[in-house]
Amino acid sequence: MLGALYILAITVEGMSGALAAGRRNMDPVGVIFIACCTAIGGGSVRDVLIGNYPLVWVARPEFILIVTAAALITIFVSRWMGSLRLLFLTLDGIGLMTFTVIGVQKTLALGHSWFIAALMGVFTGVFGGILRDVLCNRIPLVFKAELYASVAFAAAWLHIGLLQTSLPEWVSIVITLGFGFTLRCLAIRYNWELPRFYYRSDRWH
Amino acid sequence: MLGALYILAITVEGMSGALAAGRRNMDPVGVIFIACCTAIGGGSVRDVLIGNYPLVWVARPEFILIVTAAALITIFVSRWMGSLRLLFLTLDGIGLMTFTVIGVQKTLALGHSWFIAALMGVFTGVFGGILRDVLCNRIPLVFKAELYASVAFAAAWLHIGLLQTSLPEWVSIVITLGFGFTLRCLAIRYNWELPRFYYRSDRWH
Amino acid sequence: MLGALYILAITVEGMSGALAAGRRNMDPVGVIFIACCTAIGGGSVRDVLIGNYPLVWVARPEFILIVTAAALITIFVSRWMGSLRLLFLTLDGIGLMTFTVIGVQKTLALGHSWFIAALMGVFTGVFGGILRDVLCNRIPLVFKAELYASVAFAAAWLHIGLLQTSLPEWVSIVITLGFGFTLRCLAIRYNWELPRFYYRSDRWH
C-alpha cells in the first residue's frame, strides 16, 4: 500500500514542482529538474543526513522516469490545473502524509531514536518543497503558509506512538494517514495558520 | 570548556537565525527551521562533505531542543534586541571562533591535512549563516560584510600552528579564541572590509 | 588528457563564478567561495549523492588553490572579459563536456547503471552553475538558457554507448567531447533553446 501511495505522492509533488517551474518560465530541463527535486529531494536530503546509501532513486531510477513523465504531462494539462485546485491540494495532503510515514519507518529501521525519526519524517515531507522554492528563488512556502510541517510532525509522533502498541503496522499507517490528512484538510478549509513572527530592525543584520 | 562554548554558540547563532526569519515574517515552523540551519547547519555541511557520520545532532538531538528553545524565546524578546546589538555581535564573535576551533579539531582528528582542517574550520563557522541567508532569499552576508570568514581562516591556521608546539591543547584553544575574537571585534569597531569586486556587463552571463 | 582538461575546466568555471560574484559586488571571500562552488560543486554534489568519499578536493586540495588563483586573477582582468566573450563560451563548452565525461566515467566505475551514470555526468556538468546562481540569489541559468544540460545528457549517452563498442576509451572520449562541444557551439551560435513553459495562476501555490 505504501508503495502505491509513494508513486502517487511523487507524481503529485512532481506536478507541483513543474507548475512552480512554469511560473518562472523555465524550459523542459528546468521543469523536469525542479519536479524531481520536489518529488524526490525530501527523501534524498533525509538519506544524505543519516548517511543511508544508496539513495532511493539511485537504486531505483524508474522513480525519476515517473516524475519526469508527470512533469512533462503537467506542461500540457496546466491550463486545466486552476479548476482542479482542490483535488490537487487533497492529493498533496496524501503525499505529505505518505512521505512522512515512509520517512519515519525508514529512520526507525536504521535504529535511530523516536525524535530523529519524527524529524526525518517531517524532512521527507517538506524538504522537496524547500528545494523547489530555493531553486525558484522564493522563500519556502512551508515557513509561512497554512499548517503543513506541523501536521507532519504531529502525524509522525502519532505513528511512532501507535507502533509501540500491539496494533498491526498497517493499522497504524492507516490511522496516521487518516489523521494527518484530515488535519491538513481542516487547515486548508479554515485557513489555520500559526501566528507569524514580525521583526523590523536595520540595526542588526 | 569547548562544550560550554558550543552551547553558547548554537544559542546565539540560533537567535540570529530566528531574527532573520522574523524579518521575513515567518511562522514558528520557519523560525525554528532557520534557527536550526543557522546554528547546526555549518557543522552538518562539514560532516556531510567529509563523510563523518552520524551528524552531531543526530547522535545528540538535545542540541536541536536547545536551538528550538532559543528560537522561541527570541520571538518574545526580539523587541529588546535592537539595544543589545553590541552584546549580540560580541557573542556572535565568540560563536564564530568556537565553531572554527571545533571544526579544525574534528577534521584533524579524522586524519585530514592542515589545509582541509582550516577550510572545515571556516565552513563550520560560516556555512550556517550561508544556509540562513539562502533560505531567507538573500545574498549571504558573509560574502560582503566586515571581515568574518577571513578572521576564521586566520584563527584556524593559528590554532593548527599552535597545536604543533609543545603547548597544552587548552592553551592553544584559549589563544586562538582570544586572537580571533579580538580581530573580529576590531573589524566591527573600525568597519574593516575587504575591497569589493564590481563587475558590470550584460554581454556575458 | 582528461586530467589536463579538468584543470582547464575548473579554471574556466571558477572564472565564471568569480564574474557572477563580481556582479553582486562581493568581496574576495565571496568571489573565491562562489568560484570554488561553481568549479568544484558539481562533482561534490555528485559524490555526496552516490556516497563516494573522500570528495575530490578533500583528497587533492591543490584543485582549490587553482580555482582560488583563477578567481583572484579574474578580479584584475575582468575589464577585458567583455571582449573575450566568445573565447569564454568556447572554453565553457569544453569544460561542460569534460565534467560530463568525467562524471560518467566515475559513476560507471562505481558499478552504477547507465542511466545513473548519464544523470551524474549531467549533474557534474551543471550543478556547479546551479550552486553559483542560488548563492547569487538568481534563478539558475541552466533552467532557461540555450541548450546546455540537454547537450550534456546527449553526450553522456553517446559516451556510454561508445564504451560498449570495441573502440579504445580515449577514442570514445575524443568523439564525445567533439560531439558535445560542436552541439553546444551550434546552440550558442543559432540561439537554440527549448520551448519555455509559461504558467500563470495565483490560485495554486
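Between chain A and chain C there are 0 salt bridges, a salt bridge being a side-chain nitrogen of Lys or Arg within 4 Å of a carboxyl oxygen of Asp or Glu. This is a predicted model, where local features need pLDDT of at least 70, side-chain atom pairs count only at pLDDT 80 or more, and totals for chains, interfaces and linings use all residues. Residues are numbered from 1 along each chain as its sequence is written, and side-chain values use heavy atoms, with hydrogens and water left out.

Here's that interface in numbers:

| Item, chain A with chain C | Value |
|---|---|
| Residues of chain A in contact (heavy atoms within 4.5 Å) | 38 residues |
| Residues of chain C in contact | 36 residues |
| Buried area (accessible area, 1.4 Å probe, lost on being put together, summed over both) | about 3,300 Å² |
| Share of that area from carbon and sulfur atoms | 70% |

On the chain A side, A:Arg23, A:Asn25 and A:Phe33 lose the most area to chain C, together 18% of what that side buries.

Now for helix α7 of chain C, residues 149–163 (a DSSP run of H or I, at least four residues).

Methods:
Chains are lettered from A and ligands numbered from 1 in the order in which they are written. Helices (H or I, at least four residues) and strands (E, at least two) are DSSP runs, numbered from the N terminus. The expected span of a helix is 1.5 Å times one less than its number of residues. Buried area is the accessible area (1.4 Å probe) that two parts lose on being put together, summed over both.
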